[in-house]
Every structure is written in C-alpha cells, then in structure tokens.
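The sequence and the structure come next.

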Amino acid sequence: MNEPLAQLERQLELLIEGSLARLLGAELSSADVAAQLARSMHDGVRTDPQGQPHAPDQYALTLHPTDIEVLLERGGNLQVDMGKGVMEAARASGYRLGREPHITLAVDPTLPRWQVRVIAWHSSNPLEFTQAMPQSSDSQPGRLPVGAFLIIDGKRHFPLDRPVVNIGRRLDNQLILEDGHVSRTHAQLRVREGRFVLFDLGSTSGTRVNGRPVKQHVLQAGDVISIAAARLVYGEDPGGPPEATPAYRPPFPPKPAGDQRTRAGNWDDDLDV
C-alpha cells in the first residue's frame, strides 16, 4: 500500500474507533470501513491544472437493510459525524474539498450481514473550485447536467444521458424496476434549466427523496430516491458514474418507448388497480 493511502486509512480508522464506535457498534469492522473509505477517496482524487488534488465529496455506504435499521436506531447523527471525519482526514492528507462531504446510507439485501461497500464521487467538476464558471452555463433549458447518473441499490449505475427518463415496472420504461409495489409508470426524470427534476406520476406507493414524500423535486448530488424497496442515489461527476459499479442492464429487451411526456389528469393506465 502506498504511504498516502496508508496514512489516510490510519486517520479514518482512528476516527471510527473513537467518536463513531458507539454508533457503529462491534458488528462492523472499523478497519474494513476505514479501508474502504480510504480506498474510495484515494481512487476518486482529481487534480486541477494547478496540481492541487481534490477528494470526492459524495460517499455511499451500502449495507444490508437490517443493518441500516440497527444503525439508525442507535441514534446520533452518524452521517453528519462521519462526513466531518472524512473532511478532517482528507484535509490532513493534503486533499482539497469543494464542499463538506455528504454521506449516504444505501441498502442492498444481497449483501451479507454487517458487510459494507463504499463508493465515492464528485458532486461537481473540481475545476469549478478554482475557475469561475460563466453565468449562463446552467441557463440552457435543455442542457443535461454533466456526468449525471443514478446508483441503483448501491450496486449498479444508470447514466442519465437523455433529457427524459421514465421509471417503473412497465417494459417501455428506460429504468425498469421489477417490484409489485412499483407502478407501471411510477416516476419520471426530466431536465429543466440544466437540472434533473424528479416527478411522481401518480404512483400507488409514492416516491420519496431523502425519506420525504415528493410529487416534484429538483435533484442534488447525494439525494436518495426511494421507490418501493429500490434506493436510487443521484450523483454528478464529469468523469461519469463510479467504476466500482457495473452498468444497469434492463431485465428484458426494452419495448419501444411511448409518450415520454409527463401526463396530467387520469392515471388509471399506470396504476395497479
């Protein structure tokens, strides 16, 4: 292991064994969590034209759903405390950060109990930290956010490379979720003024962002979209989705897409009634 990575790992392990030990408990290996955080941070470092290294500011920790419940029941503010610790470790290692790190807890029922998987990405281009962006850069209505993607249940990524993405159980959706609690056409992502906006399409079980039910929401990097049992983490990185996750593949050959516009009024065609 190279020295910068080893130093970063030691600092993160001290953090976890200290202030976070009570929240994480004895079940999670502090060495494993520290090693994965350090590796994801180190591998995600980008260097600006002045030679300054910038660490990722978005981190997703994926665990078994039962383990997430246990962690949340222990109280405290695990995500905020861990974010502060990651920031201290990054700066002590000489890495710059464009903003305070955001920690997302994601679920994957296929993971063994108390096994954690960590991925990291940048919420924006590190060049934006050292160069002023033109005022009009995000004012084009149809402009796609650079490097936008979804991480599906912590294990697959879905590049958002089109202005409209339909999500649901029906086979003509771009993102198909095989779950009986997902409506046939459940939600839609649509670009507005250079940002992806999430719309719930009158679904039966609803759509949540960061635990709150929404009908419409302008997405920010790190937002967690909950659709039935699926957890979709929204990210942006000029380099594209994290290489640690394989690309999403539809479960069946997709049918030709129908009307991609968000419809208003009667949703009976899309509801499970």
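## Packing of α1 and α3

Helix α1 covers residues 3–17 and helix α3 residues 30–43; their axes come within 8 Å and cross at roughly 135 degrees. Here axes are lines fitted to C-alpha atoms, for helices over the stretch in contact, and angles run from 0 to 180 degrees between N-to-C directions. Helices (H or I, at least four residues) and strands (E, at least two) are DSSP runs, numbered from the N terminus.

This is a predicted model, in which local features need pLDDT of at least 70, side-chain atom pairs count only at pLDDT 80 or more, and totals for chains, interfaces and linings use all residues. Residues are numbered from 1 along each chain as its sequence is written, and side-chain values use heavy atoms, with hydrogens and water left out.

The crossing of α1 and α3 is right-handed; a crossing is left-handed if the near helix is turned anticlockwise from the far one by less than a right angle, and right-handed if clockwise. On the α1 side, L5, L8, E9, L12, E13, I16 and E17 take part. They meet S30, A31, V33, A34, A35, L37, A38, R39, M41 and H42 of α3, where contact means heavy atoms within 4.5 Å. Sorted by class, this contact of α1 with α3 has eleven nonpolar, two polar and four charged residues. Ala, Val, Leu, Ile, Met, Phe, Trp, Tyr, Cys and Pro count as nonpolar, Asp, Glu, Lys and Arg as charged, and the others, Gly among them, as polar.

## Packing of α1 and α5

α1 also packs with helix α5 (residues 78–92), at an angle of about 150 degrees and with the axes 9 Å apart. That makes α1 roughly antiparallel to α5. The crossing of α1 and α5 is right-handed. Q7, L8, Q11, L12 and L15 of α1 make the contact with G85, V86, A89, A90 and A92 of α5. By class, the contact of α1 with α5 has seven nonpolar, three polar and no charged residues.

## The five-strand sheet

Five strands form an open sheet with mixed pairing, in the order β9-β8-β10-β11-β14. β9 and β14 (216–218) stand at the edges with a single partner strand each, so one side of each has no neighbour in the sheet. Two strands pair if DSSP finds at least two bridges between them.

Strand β8 (residues 164–168) and strand β9 (residues 175–176) pair in the parallel sense over two bridges, and G168 stands opposite I176 in β9. With strand β10 (residues 187–192), β8 runs antiparallel, joined by four bridges; I167 stands opposite A187 there. Four of the five residues of β8 are buried, where buried means under 20% relative accessible area, exposed over 50%, and partly exposed in between (1.4 Å probe, protein chains only).

L198 has H217 in β14 as its bridge partner. F196 lies in β11 and is buried, with a relative accessible area of 0%. The C-alpha atoms of F196 and L160 are separated by 9.0 Å, while the two residues are 36 residues apart along the chain.

## The six-strand sheet

A further open sheet has six strands in the order β7-β6-β16-β15-β12-β13, with antiparallel pairing. Its edges are β7 (156–159) and β13 (212–213), each with a single partner strand, so one side of each is left without a neighbour in the sheet. Strand β15 (residues 224–227) is joined by four bridges to strand β16 (residues 230–236), and the two run antiparallel. I225 stands opposite L232 in β16.

Strand β6 (residues 148–152) is largely enclosed by the rest of the structure, because five of its five residues are buried. A148, L150 and I152 cover one side, and F149 and I151 the other; all are buried. β6 pairs with β16 in the antiparallel sense over five bridges, with E236 as the bridge partner of A148. Four bridges join β6 to β7, also antiparallel, and F158 in β7 is the bridge partner of L150. The hairpin of β6 and β7 has three residues between the strands, and D153 takes a positive phi near 50 degrees in it.

Notes. Parallel < 35°, antiparallel > 145°, perpendicular 65-115°, else oblique.
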